[in-house]
Amino acid sequence: WAPSVARPQRTPQQARDVTVEMLIVVALQNSPQILAMSRKPLIQETRIIEAESQFDLRVFMDSAFDRTSDPVGNELQTGGPPRFREENWDYTAGVRQKMAAGGTLEASQRIGYQHNNSEFFTPREQGNSRLVLSFTQPLLRGAGKAVNSAPTVVAEIETATAWDRFSARLQDYLLRVTGAHWNLYLERTACLQKRRLYEQAQSILDELEDRRSIDSSPSQLVRTRAAVATRRSELARADRNVMNAEARIRALVGNAQLFGGSGVEFLPQDHPSPQPVSVDLQSVRRTALKYRPEMNEAIKRVQTAALRADVSKRDLLPVLDLVLETYVAGLEGQGDIGTSLGNQFGAGEPGYTCLLY
């Protein structure tokens, strides 16, 4: 009966040969479920970019305007006017970048305009500017390349874990595709046997019908007709099981155009091997430990937990930062901000600060 399984059983019918390898290839190319599963690791890869973005160069700017009008309780504050009135506008822009060891380098330029009604305020309508270069380096908490690169390393491990998880799910899915092929083979074999049994029963019934006037009894005819009806119903169920197996394959491979609708009969071309396969338990265990994605995923989870534990220990350290800053400043009357920018480099000298806190 084995050769008959690969030949059409339903006529007239469009038939298509299928193999396990072909079903797997088509499923990999077209299955929406496999496509959906593959998106998750790709989404997880964006976490690496997000983690690395902490070291990107960042541009910042801010602006503020403040107008003050306060009563004067001390003549030394204004030199006469009963209320102190002041207008102050500041605009700051710069760049900031975090370094691999945890330090932050920042360069900013501030310009501003200040004017008030104090007799002691000179020059009037001041245009001011200040160029600042600063570096802040943590010495205890948050210090070190290992701590600051930990989010990136964790994201990379979790991405690899996501790929391992995808690999496991993909293998399970392709195993279902393979199982669907062999289930089709089984159902077609069962259907073929049911058809042969039905044909044999029908042949016996025809012979008894022909011998009715010779030696066939009415009870024999009744029992034979009942057996034929039973086998006819079993054959109908077997045909339905074959079509259900074909529908299962169509759902798994996800390519309706390639395999057509329910009118296409699938003809499995692969046959079970009669050769026995010896299995060594120790060899199977070693292979599973080496290649199963679940094992790789478990190892990566341990690595992630160890890394996070180390970062948590460092977060328990006290805060101690070293701050280095230098600046140049300029000032000019009549609101001349442009000249004050030039005065940053042409008048006075740089100031600096060294702070440990």
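## A buried arginine and an open sheet

R188 is found in helix 6, which spans residues 150-210. The model is a predicted one, so treat this as a tour of computed geometry.

Let's start with that arginine. R188 has a relative accessible area of 0%, and since buried means under 20%, R188 is classed as buried. Its side chain reaches the backbone oxygen of F266 at 3.2 Å.

Strands of a sheet pair through backbone hydrogen bonds, either parallel or antiparallel. Here, six strands form an open sheet in the order 2-3-4-5-7-8, and the pairing is antiparallel. Which strands stand at the edges? They are strand 2 and strand 8; each has a single partner strand, so one side of each is left without a neighbour in the sheet. From one strand to the next, the twist averages 15°.

Strand 4 and strand 5 pair in the antiparallel sense over eleven bridges. Within this pairing, Q114 stands opposite Q126 in strand 5.

Helix 11 (residues 337-346) packs on the sheet, where it touches strand 3, strand 4, strand 5 and strand 7. The direction of helix 11 makes about 125° with that of strand 7.

| Strand 2 | 58-71 |
| Strand 8 | 351-356 |

Note on methods
Residues numbered from 1 in each chain as written. Predicted model: local features only at pLDDT ≥ 70, side-chain atom pairs only at ≥ 80, totals over all residues. Heavy atoms only, no water. Helix = DSSP H or I, 4+ residues; strand = E, 2+ residues; numbered from the N terminus. Buried < 20%, exposed > 50% of the residue type's maximum accessible area, 1.4 Å probe, protein only. Polar contact = N/O pair within 3.5 Å; in protein donor to acceptor, adjacent residues only side chain to side chain. Pairing = 2+ DSSP bridges. Axes fitted to C-alpha atoms, helices over the stretch in contact; angles between N-to-C directions. Contact = heavy atoms within 4.5 Å.
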